[in-house]
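Let's read a structure together, one feature at a time. Have the viewer open and follow along.

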Amino acid sequence: KQSSGAAGESLGAVGKQFQKECHRLRISSYLLSVDVALDDVENGKDAHNIANNNNKSSQLKSQSTKQSQSQTGKNRTANQLYHKILQTYERSLIRLHKMPKLWLMYAAFVALHDPSRDPTAVRRIYDRALVALPASQHDRVWEEYLSWVTGILPGTSSDVIANAEENGNGDGKSSLRVIVRKGVHKTKFGFEPPLVSEWRKRGWGYHQILAQQYDDDGDGNRNSNKLGKYSSEYEPTVPTETALRILRRHALCFDTTFREDLATLCITRYHRYGEAASLLLQLLNNEEAGISGSGNSFRTSKPSLSSGVFMSPNGTTRHELWLRFAEVCTGHPREAKVAGVDFDGIVRAVLKGHDALGAASGTADSGGSRVKGGIGVDGQGLGFQVFDRSSSAFGATEDDNDRTQQQQQQQNTDTRVINHRLGEMEGTLWTRLAEYHVRAGDFELARSVYEEALDAITRVRDFSLVFDAYVKFEESVIEALMELMDDDEEDEDADGADGMDEGGSGKAKSKSKSENTTDDDEDMDILLGDNAANEESAGASADVELAMARAEHLTARRPLLLNRVLLRQNPHNVGEWIKRSKLYMDLGEVDMATSALEESLKSVIARKSVNGSPSSLVLTLVDIHEKERKDVDASRRVLERICSKNEYDFQDTEDLAQCHAAWVELELRQENWDMALDLARRSVSGKIGASGAHGKRSSKAIKGLAKSLRLWNLLFDLEESLGTVQTTKDAYDRALEWKVATASHVLNYATFLKDHKYFEESFAAYERGLGLFPFPHPGAQMLWKNYLTMFLERYEGSKTPRVRELFDRCLADCPPEAASEFYIQYGEYEENHGLTKRALSVYERMCNAVPAAEKYTAYRLYIAKAIHYLGVTSARPIYESAIAALEDGPASRICLEYAKMETGLREIDRARTVLVYGAQLADPRRDPDYW
């Protein structure tokens, strides 16, 4: 209606012609369907009449003859009508070959009413439709085409056609499903294609699946391993090879996401496990989601992602694809190998993560063309062809050749690396790889795979999985060998019984043999026969013992293998390395224990170490050499490498200091006193590691050895016990000079000098120590106290000016919290060796210098000393100053004491006045005793 002129007239003519042809086809199809229905009804009536007259043979014979004659005539009429309808369709397609509905009606008619049920005719109609129609309408054809090939009807939800979970054919252990996708035709046009619609009316196809039905095994058990029953007895008439070629063409040229469903169909229905493994390998290799081409034979499919990563339309995760691929290759290793899938190489490439795809999956050449991932460009590498080359609709064109050349060039230049993160699949893949070799009969190779897995996995979960599988494998080998031995023994017993029953005949035969053979030959034959039997039985028992020894050895190695897994997780775990050496020691393998610790020194990086310090590795190794191997020289060599050659780079100075101290203690245990003292001196000399190992600059840990308190304490002890006075003084002086010494070192130095009668040098040591640790350092109080005590003990009442100078220096810098002790000591010295006036002045200074919490006690001591030396009346100004300086509570108590003193002097008025004044400071609610 929108057209005008000649274009409108042409369109109208085409529309009228299409309506006429469709009307004619509908009438013809209707007549044929009515005729077929009448035939079915008549056949049913005849069969019923025959059944009722079953007892009359003559009637049965005549009735059968009539039926065959009528049936032949009707078949001839139906064939003539069928061929007329075919001619009508062919005439219609001359002008209407761009109409997809007409092609679908034609194919549906032939598929439903072809008397010969020839799938080739239907297939060629669909192929012609794909050639004639534009690529944008291929989806309508492919939907019905796939339904005819597979019998799977498009639905609106996910329908399972096969559930092969642990099926009896060994197809796999996980649930393999083909998801029926939503019908494109019905979504776009609101109605289903003719063939699909007719099948639904007749109840054909796999549209009502009862996959969860259970069959009785006969033992009363319900078995779900068999495929579910379908809603009808319809079975596709398409041969397997034809169906596979069509499905491959659809998966590779139209919808690349169909490869997953094709792989599942190959497993569950067609039992083409090699092809299924290759298809799954393509999906795992992240092959391009679409294959571009030109012409009507190919259609570019939209990739799932811009990067070409396969995204399953069925929601299958990459983890599930890996497991499915492993199950197929493991369950059918021979088929996978014939298909060109190197499962061993693929799994190793994925697990190690460094081989390219070409090296991992293997390359197979067929006809001089290179294939990738086990699949060639034309499918030759698998022994099947993607396209039917004999069909005229799919002859090779220039566009096809160009596309093939482009793909070959891309395969030659593009090598992809499988970089999928396995996560928790590592252990599963290793077990599958070992099972692959077990099913192939390579038991020794399977053992090597298990051992390699135990040396490669990094997770405890994967270790448990692989180890349990390894143990079960060894147990199964033992059981198999034991069964073989039992069978051999039963056979021998049966042969012996037969020999006893036929003893007489055996003697007769032996006599006849003796006539023909010599006695030496008979003896030799008997001897060889007995030895052969003995050797066979001995070999069988030896095999069993070897298998049992392997299993026991594997079980005994479990702690070591688990420890190795933890070390692969974190090679800087010091605690696990030490535990590994202890495990070897428990097994009595001292050499392996030392080797493990040597390896730890090469593996553990100090700044990354956890669960212990790196020095514990060295100390444990030295301890093993010294105590277990009784090889002191080996211990010295280890410590020399660590301490002198600096082969290990410590992060903390304390770790390196522990190694030096261990070397010194080793020499002390060996009573090498001079060597031990020399090592201690050298460790703090600051000359170790001036230019580190291999000419590198010394590390921070080596530079800090000269200030290590552990080494200085060790040196001071050794100098005092093994060295001379001068070397000891030199050591302490060097420590004070480098400001390494602590307050305790100064005290020890001064005590050492005092014990050796070097008093002035000990006082000089105190002076140097006080210069390093002045107030408010916590060690200053200890140094001043010992200094003053030692000085007073040495000079007693002499050197008074010097003593006063020391006390004044001390009290000048001393904080108030620590001053009371020195004031009391100073006052006592003045009382004993000085003047009373100076002593009272010291106590007065104390009352003003100490903190407020100690002033009450200080004033009481000052008052007591004043009364003792100057009399009672001399305390009155001290009381008054105390009342003025103290707080209310202590002041009120001083008032009571002051009043008591005045009362004792009969000065009642003065006492009353003091009490009245103190009453202002004492609250009667808090201090009732005062009132």
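**Salt bridges and a helix pair**

A: Let's start with one side chain in this predicted model: Lys 865 has a relative accessible area of 21%, so it counts as partly exposed.

Q: Which residue does Lys 865 meet in a salt bridge?

A: The general idea is that side chains of opposite charge can pair when their charged atoms come close. Here the partner of Lys 865 is Glu 831, at 3.3 Å from N to O. Glu 831 sits in helix H35 (residues 816–833) and Lys 865 in helix H37 (residues 852–870), so this pair ties together parts that are 34 residues apart in sequence. Glu 831 is partly exposed too, with a relative accessible area of 22%.

Q: How many salt bridges are there by this rule?

A: The count comes to 46. One of them joins Arg 809 and Glu 767, whose closest N and O atoms are 3.0 Å apart. Because Arg 809 belongs to helix H34 (residues 800–813) and Glu 767 to helix H32 (residues 759–772), the pair ties together parts 42 residues apart in sequence. Arg 809 is partly exposed at 31% relative accessible area, and Glu 767 is partly exposed at 27%.

Q: Is Glu 426 buried or exposed?

A: Glu 426 counts as buried, with 11% relative accessibility. Its side chain meets that of Arg 459 in a salt bridge of 3.5 Å, N to O. Arg 459 lies in the loop between helix H17 (443–454) and helix H18 (460–501), while Glu 426 is in helix H16 (residues 426–439), so parts 33 residues apart in sequence are tied together. Arg 459 is partly exposed, at 33%.

Q: Which residues are linked in a network of salt bridges?

A: Look for Glu 241, Arg 245, Arg 248, Arg 272 and Glu 275, which are linked in such a network.

Q: Now for helix packing: at what angle do H26 and H27 pack?

A: Two packed helices are described by the angle between their axes and the distance between the axes. For helix H26 (residues 653–669) and helix H27 (residues 673–683), the angle is about 165° and the axes are 8 Å apart. H26 and H27 are therefore roughly antiparallel to each other, and their crossing is left-handed.

Q: Which residues make the contact?

A: From H26 come His 660, Trp 663, Val 664, Glu 667 and Leu 668. H27 contributes Trp 673, Met 675, Ala 676, Leu 679, Ala 680, Arg 682 and Ser 683. The residues of this contact between H26 and H27 divide into eight nonpolar, two polar and two charged.

Technical notes
Residues are numbered from 1 along each chain as its sequence is written. This is a predicted model: local features need pLDDT of at least 70, side-chain atom pairs count only at pLDDT 80 or more; totals for chains, interfaces and linings use all residues. Side-chain values use heavy atoms; hydrogens and water are left out. Axes are lines fitted to C-alpha atoms, for helices over the stretch in contact, and angles run from 0 to 180 degrees between N-to-C directions. Helices (H or I, at least four residues) and strands (E, at least two) are DSSP runs, numbered from the N terminus. Angles under 35 degrees count as roughly parallel, over 145 as roughly antiparallel, 65 to 115 as roughly perpendicular and the rest as oblique. A crossing is left-handed if the near helix is turned anticlockwise from the far one by less than a right angle, and right-handed if clockwise. Contact means heavy atoms within 4.5 Å. Ala, Val, Leu, Ile, Met, Phe, Trp, Tyr, Cys and Pro count as nonpolar, Asp, Glu, Lys and Arg as charged, and the others, Gly among them, as polar. A salt bridge is a side-chain nitrogen of Lys or Arg within 4 Å of a carboxyl oxygen of Asp or Glu. Buried means under 20% relative accessible area, exposed over 50%, partly exposed in between (1.4 Å probe, protein chains only).
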